[in-house]
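Me: Please take a close look at one part of this model, and give me one connected answer with the cut-offs spelled out.

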Amino acid sequence: MDELCRDEGEESVRYPNALARFLLSISISFQISLVILSALVSSFLLIYTPWVGHNPIIYVVPVMLSAWLFRRTGLYLCLLFLFLIFWLFHSMVIGSLLLSNNDIIATVVSVFILLTLGLLVSAQREASDYADDVQEQLQTYSVEQQKLNEIKDQFLQNVNHELRTPLTAIYGYLELLLEHDDQLNNEIRTTFLQHAMQSCDELQLLVNNVLDTMGIEKQRQTLYIEQIVVRDVLFEVLERFDPQSVRRHDIYVDIPDYVVVLANAQYLRQILRNLLSNAFKYAPAGTPITISAALYGMVVHPLHASPEICVRVKDAGPGIPPNEMSLLFGQFVRLRRDTSGSVRGSGLGLFLSKQFVEAMDGRIWVESEGIEGKGSTFCFTLPCVVHPKVEAQTPLSDFEQFRSPLPIN
């Protein structure tokens, strides 16, 4: 019985509410036509049904419709026109434009009642609109929360996989050294230690990327900018890379010694390290990787008050599919081919690179045809120093050590 009563109550609430929603969903021309039609019907009743009485309260339906459909503006306009119609009709009936005292009192009371009902309906419409806005915001927040949960799950999955790989390598080499130390010669022992250190470098890069992701907004507020020779920073980055990874490729450097930018040294190192790390991972062994820097464009960019330097990292890897290029610099984003491939990645490197570049008033993008072997060119700009106060300490001859690829079996 309780359930039956509850169902009947829900039906009584649902259907009027559905009718009110339906009225809001029809076109504006139908809404106006509906108000006019209700006003005509009320006027007909006012004229041809004397038992109803010549009272403006008869216009309650068009007034409530106007208040619901057009809110207070519609309510006031409807009351004004209906009052003029009633006044003209009443004047025709009594043969005078002036109303008697009793008629004035009855009209004022009726208009007051109509106005009160209209304001209540208008307030209900505003409350309904507010509830709709809240519901829409809640749905938006729900979708955003779902996306955040998906990003969090993807992040945990990626980081878990990324952490396990270098940790497993470190543990494995240390275990070999511990169990078979007396059976290993110095060369093998050194090799094991080098591999363990390389895994430590990978682990450190991952941890730095995760920490930078969490603290980048705070770091922007206290970012130290200085004049930096691009060639010197590039040499530092290459020197600290795993020699095995570097020598699997033929590194070409085309950066004049006078190329100086306004940047943060830590950020610039991290950008170059992320871009080169991707090139080493995705480009086949023995293929060239070119790092160049030059003045960007023939003239100063109209959106920038000073000239810019464009740094390019070009590889001969598989390239970037055009339909995924716009997503490449998103947080935790990896290409479809990489999610099921053997190349590891957290999806943070390019996202952080974009944040770092933009924090230094630069831009970053990728140029690629998405064709295997033609590779990709990652480009980023930084403000140029026209008359630098620093000089390059690294000659181009120092980069020759990176142009000796290992023999490929």
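**From the annotated spans to the ring pairs**

Reply: In residues 104–123, the end C-alpha atoms lie 28 Å apart, and the span is 100% helix and 0% strand, where helices (H or I, at least four residues) and strands (E, at least two) are DSSP runs numbered from the N terminus. This is a predicted model, in which local features need pLDDT of at least 70 and side-chain atom pairs count only at pLDDT 80 or more, while totals for chains, interfaces and linings use all residues. Residues are numbered from 1 along each chain as its sequence is written, and side-chain values use heavy atoms, with hydrogens and water left out.

The unreviewed UniProt entry annotates "transmembrane region" over residues 22–47, 53–70, 77–98 and 104–123; such annotations may be inferred rather than shown by experiment. For residues 22–47, the end C-alpha atoms lie 31 Å apart, with 92% helix and 0% strand in the span.

Turning to the rings, a search of the whole structure finds six aromatic pairs (rings of Phe, Tyr and Trp, the last by its six-membered ring, with centres within 6.5 Å; planes under 30 degrees apart are stacked, over 60 edge-to-face, the rest tilted). One of them joins tyrosine 296 and tryptophan 365 in a tilted arrangement, 5.6 Å centre to centre with 55 degrees between the planes. That pair links distant parts of the chain, 69 residues apart: tyrosine 296 lies in the loop between β4 (288–295) and β5 (308–314), and tryptophan 365 in strand β6 (residues 364–368).
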